[in-house]
Amino acid sequence: AAAMKEAAKFVDVGGLNIKGTARLIAKAATAADVTRATVQVNIASLQVTQPDRPAIEEEKVSADFTATLNAREGTVTVDAASLTSAMATISAKGKLSDMATSRTLVADGTLYLNFDRLGPLVAAFWGEPIEMSGRQARPFHVDTTLAGKNGMAVLRETLANAGFYATRVKYQDIETGVIDLPVTVVKGKATLKIDTTINGGRFLFPALVDTAPAVAVLTLPNDTTVLSGVKITAGLADQFLAKVCPLFKGAVTEHGTVGLLSHSLRASLDAEVVKTLTFDGELMLNGVALKPAGFLKQILSLVGMGATPVVQLPDQRVGLTIQDGRLIQKPIVFTTGSLPMKLSGSIVLADYTLDMLLEVPVTLEMVGNNQELFAALKDETIKIGIKGTAAKPEIGRTALQDNLAPLLKEAAKKAFKNKVSDSIQKGISDSIQKGTV
């Protein structure tokens with residue numbers, strides 16, 4: 001019960017249910033104020049469950065612990081400790097001192113994670129088809145006090161370093177290279193650096209987590225190139241790019257790469273992270289061509305270009321800003337043939353609802369192939385509002401006509417005035433030639 005209470009400082013253990021068969025062997029010998037103890041635990045058919053979460057199952061888990069307790073000094077010296085399972089193995093030694101006050105812990109050891117075994121568990125928790133692999137041990141060191149009221153308070157007094165290693169992580173058609181992730185904690189400031197490949201390009205994420213504020217804050221160094229030269233695949237476009245630019249939702253990528261430059265990023269790590277996240281950066285697109293489908297197909301159909309086989313996106317940088325729970329996307333340019341169009345607007349991050357604006361130049365086809373009207377309107381742009389979501393955009397069926405009608409009326413007036421003016425000028429010219437004026 002005491003162990004569960006202590007663990008609750010760090011993780012939510014509500015509704016935890018543990019089943020299995022355990023065998024415990026404990027020995028202790030005391031001389032004066034010093035007790036030497038050894039504990040061995042073997043658990044078979046372990047099953048750990050929580051409501052609405054998949055079960056964690058292990059056929060065999062073993063733990064070995066050898067320690068010396070000095071009651072007079074108030075210290076516990078761990079000569080050797082290990083926990084072994086199919087998912088992970090931890091071995092360590094260390095010392096816990098000042099038991100009555102600061103409860104200072106200093107420990108060193110190694111952590112071995114079996115991502116081949118952890119992958120299916122992560123996929124079950126997440127509910128998505130994720131694959132993971134990798135089996136390498138990494139050393140760790142911890143120097144901290146356990147007297148804090150909760151996990152954040154403990155972290156603020158911690159000096160630590162550790163690491164994790166995976167040979168690959170794959171989600172749908174998005175695949176990383178080797179991830180060798182070092183983590184360092186210095187008095188409440190944790191740094192981690194992911195530097196690997198994704199779909200043949202680079203992924204760099206050198207984050208700092210500061211636990212000094214009441215709510216921990218994650219930041220990136222200014223002007224960090226998070227992504228560069230990453231091949232755009234269907235999964236990347238639909239699951240990730242579409243969340244910052246709906247043009248990619250459901251589209252089939254012919255070719256192209258994407259990059260992401262973060263000028264600044266700050267996120268409070270709590271339940272309100274979506275509301276407090278701030279970001280300023282650029283989406284970098286190179287050599288991108290899309291086959292219209294999904295969102296792109298619908299907006300092209302609106303302007304009579306649904307049969308367009310391929311849409312080109314010229315090389316460009318698209319500004320992105322996040323503030324107050326809303327992402328603002330600066331205009332992204334795409335072309336069908338020689339006709340350029342623009343899409344810009346904002347996305348509410350809580351539910352990904354859209355407030356977008358599509359800008360389309362007037363075409364000859366829109367004015368019924370009337371050369372005179374087109375000559376008057378060829379420099380005009382129709383602006384059409386788009387609501388709903390990227391998966392289900394809401395665009396009025398008559399949006400094009402509603403926006404085109406005022407332009408046509410104005411063009412007709414100009415054309416009429418020009419014709420009247422031409423007729424008057426011709427009449428004056430004829431009268432002069434006949435000598436009647």
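This is a predicted model: local features need pLDDT of at least 70, side-chain atom pairs count only at pLDDT 80 or more; totals for chains, interfaces and linings use all residues.

Colleague: Where do Glu157 and Lys187 lie?

Modeller: Glu157 is in the loop between α3 and β9, and Lys187 is in the loop between β12 and β13, so the pair ties together parts 30 residues apart in sequence.

Colleague: How many salt bridges does the structure hold?

Modeller: It holds 13. One of them joins the side chains of Arg138 and Asp180, at 3.2 Å from N to O. Arg138 is buried, because its relative accessible area is 18% and the cut-off for buried is under 20%. Asp180 is partly exposed, at 40%.

Colleague: And which residues are linked in a network of salt bridges?

Modeller: Glu131, Arg168 and Glu175. Within it, Glu131 and Arg168 meet at 3.3 Å, N to O.

Colleague: Switching topic: what lines the second largest pocket?

Modeller: Its lining has 38 nonpolar, two polar and one charged residues. The space in that pocket is about 1,600 Å³, and the lining residues closest to its centre are Phe203, Phe205, Val226, Phe240 and Leu260. Helix α4 gives the largest share of the lining, five residues.

Colleague: Last one: what do the buried residues of α2 pack against?

Modeller: Strands β3, β6, β7 and β9. Those buried α2 residues are Phe115, Leu118, Gly119, Leu121 and Ala123.

Key: Residues are numbered from 1 along each chain as its sequence is written. Side-chain values use heavy atoms; hydrogens and water are left out. Buried means under 20% relative accessible area, exposed over 50%, partly exposed in between (1.4 Å probe, protein chains only). Helices (H or I, at least four residues) and strands (E, at least two) are DSSP runs, numbered from the N terminus. Contact means heavy atoms within 4.5 Å. On a 1 Å grid over the protein atoms alone, a cavity is a set of points where a 1.4 Å probe fits but cannot get out, and a pocket is an open set with protein on both sides within 12 Å along at least five of seven lines; lining residues have an atom within 4 Å of a point. Grid points are joined across faces, edges and corners, and a volume is the space filled by probe spheres set on the points. Ala, Val, Leu, Ile, Met, Phe, Trp, Tyr, Cys and Pro count as nonpolar, Asp, Glu, Lys and Arg as charged, and the others, Gly among them, as polar. A salt bridge is a side-chain nitrogen of Lys or Arg within 4 Å of a carboxyl oxygen of Asp or Glu.
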